[in-house]
Amino acid sequence: MSTDLSESRLEHWPLAAPPNDYVLGHVRAVLPDRVLDDALVAVRGGLLAAVEPHRPGVQADVDGDGLLCVPGLVDTHSDGLEKERLPRPGAELPIDFALLSFEGKLRAAAVTTVFHGTGFENSFGRGVPRTVEGAQQVCTAIDARADGLVDHRLLYRLDIRSADGLAALQQRLADIPEQVLVSHEDHTPGIGQYADRRYYERYIAGTRGFSEQEAIKHVDELIAERDSRLGLRDASMTWLAEQAHAGRIRLLGHDLSSAEEVDELVRRGGAVAEFPTTMQAAEAARKHGLPVVMGAPNALRGSSHNGNASARELVGRGLVTSIASDYLPSGLLAAVFSLAGDGLLTLPAAIGLVTAGPAEVAGLADRGRLAPGLRADLALIATGSLWPVVHSVLVSAR
């Protein structure tokens, strides 16, 4: 294999945008089933051409100096842009600037493909407000960021009790020909994520300064108001099922809590169980062959912040196929290296939870593994310290 690159091409290689053709040498390449020490990674036309032992005498354009080489991370659920946009109450930043700023954090976390959670709802009780207008602004900003240093995509999050959210999402998807990711959600206290409403009461007491009694009264009113919209919930579910069975959306069930809910998701044409809240729901999802996504903060901390299933326990039982950042991109690598370090997984299997696993969740067959023909999205990582450190991120020239 010829590995020559002209001097002029190397001189004009922007740090964030590698050329179509190059050779990376002397890395430890993480393959799906093993780590290949002292490996050579050849890229041609923005795609991986070879991942093989680095033979003596073969020159490389870039010496990896023994760093770990992994596929660029794929994050199928990121709410981090919300906080980037509103770092402090009343200090909202322009959405295009917030996206650019957050892109730097994604690259520092080795994320090369991200699905920004975009809430089609009107919710003002959970910290950062989520509005239909805000969701539309995020969509516009990401549409305009096609030349970003990260592959920015959208995870459409529909509150199934929001009339405005349903109408806006229907209008948005009517103009999109390709299949997209849609998550259906119901954050009514007392079910799903907040099955124990006391966690929600404590949450809003902390974020909104309510007293204990004020929080209880607010949650009572919220439950009553949302219970009045059960007919809308049914209409939303019917429409989502139609879209899923027609192949227009890839449907994710969010915060599933029982085997019965998983069965209902499958009947609707759902493809993914996202953040199941119980062991029973995770087991049912895997029995149906559905990918199971858990959150990086949960896996890193060892427990859910609201009393739901532990991601580490589910990983230990072989029930998790993918980990998403939720709201903390830097938690992705930290979580999987922690899982591997504690002996719950081999390093290749752990890395697969943030690369090949989420690529499967998103239906993206062109990335997530170091294999010929796939996108050359790569990250070089140092592993000698307590936590992994990302040294370089190379995004496919495609």
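**Figure 1. A salt bridge between D143 and R172 in the predicted model.** In this predicted model, the side chains of D143 and R172 come together in a salt bridge, with 3.0 Å from N to O. D143 belongs to helix α4 (residues 132–143) and R172 to helix α5 (residues 163–174), so the pair ties together parts that are 29 residues apart in sequence. D143 itself is partly exposed, its relative accessible area being 46%.

Figure 2. When neighbours within four places in sequence are left aside, A168 is in contact with F120, V132 and Q136. The C-alpha atoms of A168 and E121 are 9.2 Å apart in space, although 47 residues separate A168 from E121 in sequence. E121 is in turn one of the residues linked in a network of salt bridges, together with D79, E82, R130, R157 and E185.

Figure 3. R85 counts as buried, at 12% relative accessibility, whereas E92 is exposed, with a relative accessible area of 54%. The side chains of D366 and R367 also meet in a salt bridge, with 2.9 Å from N to O. Here D366 is partly exposed, with a relative accessible area of 32%, and R367 is buried, with a relative accessible area of 5%.

**Figure 4. The largest cavity and the residues that line it.** A search of the whole structure finds 1 cavity of 30 Å³ or more, and the volume of the largest cavity is about 50 Å³. The lining of the largest cavity consists of P71, G72, V74, T112, T113, R367, G368, R369, L370, R375 and D377. Sorted by class, this lining has 3 nonpolar, 4 polar and 4 charged residues. R367, which is part of the lining, is also the partner of D366 in a salt bridge.

Figure 5. In soluble globular proteins, nonpolar side chains tend to be buried together. The largest nonpolar core of this model has 75 residues, and those with the most contacts inside the core are Y156, L173, I323 and V336. Helix α13 (residues 331–341) gives the most to this core, contributing 7 residues. Apart from this core lies another, of 19 residues, which include A39, C69, L370 and L380. Within the largest core, L173 is one of the residues with the most contacts; leaving out residues up to four places away in sequence, L173 touches Y156, V180, V182, W239 and I249.

**Figure 6. D234 in helix α8 and its distance to I160.** D234 is placed in helix α8 (residues 230–245) and, at 46% relative accessibility, counts as partly exposed. Although D234 and I160 are 74 residues apart in sequence, their C-alpha atoms are 8.1 Å apart in space. For the chain as a whole, among contacts between residues at least 6 apart in sequence, 63% join residues at least 24 apart.

Figure 7. Most residues other than glycine have a negative phi, and most peptide bonds are trans. D255 has a phi near 60 degrees, a positive value in a residue other than glycine, and is found in the loop between β10 (249–254) and α9 (259–267). F275 likewise has a positive phi, near 55 degrees, and its place is in the loop between β11 (272–274) and α10 (279–287). D255 is buried, with a relative accessible area of 7%, and F275 is buried as well, with a relative accessible area of 10%.

Methods: Residues numbered from 1 in each chain as written. Predicted model: local features only at pLDDT ≥ 70, side-chain atom pairs only at ≥ 80, totals over all residues. Heavy atoms only, no water. 1 Å grid on protein atoms, 1.4 Å probe; cavity = no way out; pocket = protein on both sides within 12 Å on 5 of 7 lines; lining within 4 Å. Points joined across faces, edges and corners; volume = space filled by probe spheres on them. Nonpolar A, V, L, I, M, F, W, Y, C, P; charged D, E, K, R; others polar. Core = buried A, V, L, I, M, F, W, Y, C linked by side-chain atoms within 4.5 Å. Buried < 20%, exposed > 50% of the residue type's maximum accessible area, 1.4 Å probe, protein only. Helix = DSSP H or I, 4+ residues; strand = E, 2+ residues; numbered from the N terminus. Contact = heavy atoms within 4.5 Å. Salt bridge = Lys/Arg side-chain N within 4 Å of Asp/Glu carboxyl O.
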